[in-house]
Amino acid sequence: MKQYTNLIRNITLFKSLSEDEIISKLKDGSFKLVSYMKDNVLHFDGERCINFELILSGKISINRIDESGNLLNIADFFSGDILGGNLLFSENPQYPYTVSAKKQSIILVINKDVLLKMLSNNLAFLKIYLEHISDNATALGGKLKYYANKSIREKINSYIEHESKRQNSNHIILPITK
């Protein structure tokens, strides 16, 4: 249990909680730890979001699968990232994409009512939570904006410009084959 307590305490969102509070919530079932193997699906597109989930370790991908079976990776999330935080209190809390593990992962699961009580009783926790979900929404919006309403030519130009900036060169090495 100590290793999980340390994992939780190292996440910025939980810095405002004491070690005793975390241990107590793990023991009484308020906090649950769930392990996923590589390629396990955590949530399917359209599934109802009923819990707050925090990645303690591993890599989780948010993907969109189109009618032709093509996979579009929307985003990757790692330790400290929240899953469903922006959906949980929505009027229609359904996952708009498929969520799956790309590496073995450990997820901290907190029921919506337990989270609401924590947010109500701890202003520091509330502030960090709101910052985190706002940052995630902005990042996802930016990625979707990149893909939406652009011709193939514009998408390729954007990609090449991005790689040129990332590699700090006008002569780039493409890290992919297609």
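Predicted model: local features only at pLDDT ≥ 70, side-chain atom pairs only at ≥ 80, totals over all residues.
Let me start with the overall layout. The secondary structure comes to five helices and eight strands. Read from the N terminus, the order of elements is α-α-β-β-β-β-β-β-β-β-α-α-α. Along its principal axes, the C-alpha trace spans about 55 × 35 × 30 Å. Of the contacts with a separation of 6 or more, 69% are between residues 24 or more positions apart.

Next, the surface and the charges. The chain has 178 residues, and buried residues make up 33% of them.

Now the interior. In soluble globular proteins, nonpolar side chains tend to be buried together. Here, the largest nonpolar core has 39 residues. Phe14, Phe31, Phe52 and Leu83 are the ones with the most contacts inside that core. Strand E8, residues 105-111, provides the largest share of the core, at five residues.

On to lysine 112, which has its place in helix H3, residues 112-121. Which residues does lysine 112 touch, not counting residues up to four places away in sequence? They are Ile50, Asn51, Leu88 and Phe89. Phenylalanine 89 is 23 residues from lysine 112 along the chain, and the C-alpha atoms of the two are separated by 8.2 Å. Lysine 112 counts as partly exposed because its relative accessibility is 33%, and the band for that term runs between 20% and 50%.

Is threonine 12 buried or exposed? Its relative accessibility is 51%, so threonine 12 counts as exposed, the cut-off being over 50%. For a distance across the model, take threonine 12 and arginine 64: they are 52 residues apart along the chain, with C-alpha atoms separated by 29 Å.

Then helix H5, residues 152-167. Its 16 residues should span 22 Å at 1.5 Å a residue, and the end C-alpha atoms are 22 Å apart, so the two values agree. The buried residues of H5 are Ser158, Glu163 and Ser164.

What follows H5? Asparagine 168 does, and its phi is positive, near 55°. This residue is not a glycine, and asparagine 168 belongs to the segment after H5. With 71% relative accessibility, asparagine 168 counts as exposed.

Aspartate 39 also has a positive phi, about 75°, although it is not a glycine. That residue is found in the loop between strand E1 (31-36) and strand E2 (41-43). Aspartate 39 is partly exposed, with a relative accessible area of 49%.

To close, two items to look at in the structure above. One is the core of 39 residues, with Phe31 among its residues with the most contacts. The other is the positive phi at aspartate 39 and at asparagine 168.

Note on methods:
Residues numbered from 1 in each chain as written. Heavy atoms only, no water. Core = buried A, V, L, I, M, F, W, Y, C linked by side-chain atoms within 4.5 Å. Buried < 20%, exposed > 50% of the residue type's maximum accessible area, 1.4 Å probe, protein only. Helix = DSSP H or I, 4+ residues; strand = E, 2+ residues; numbered from the N terminus. Expected span 1.5 Å × (residues − 1). Contact = heavy atoms within 4.5 Å.
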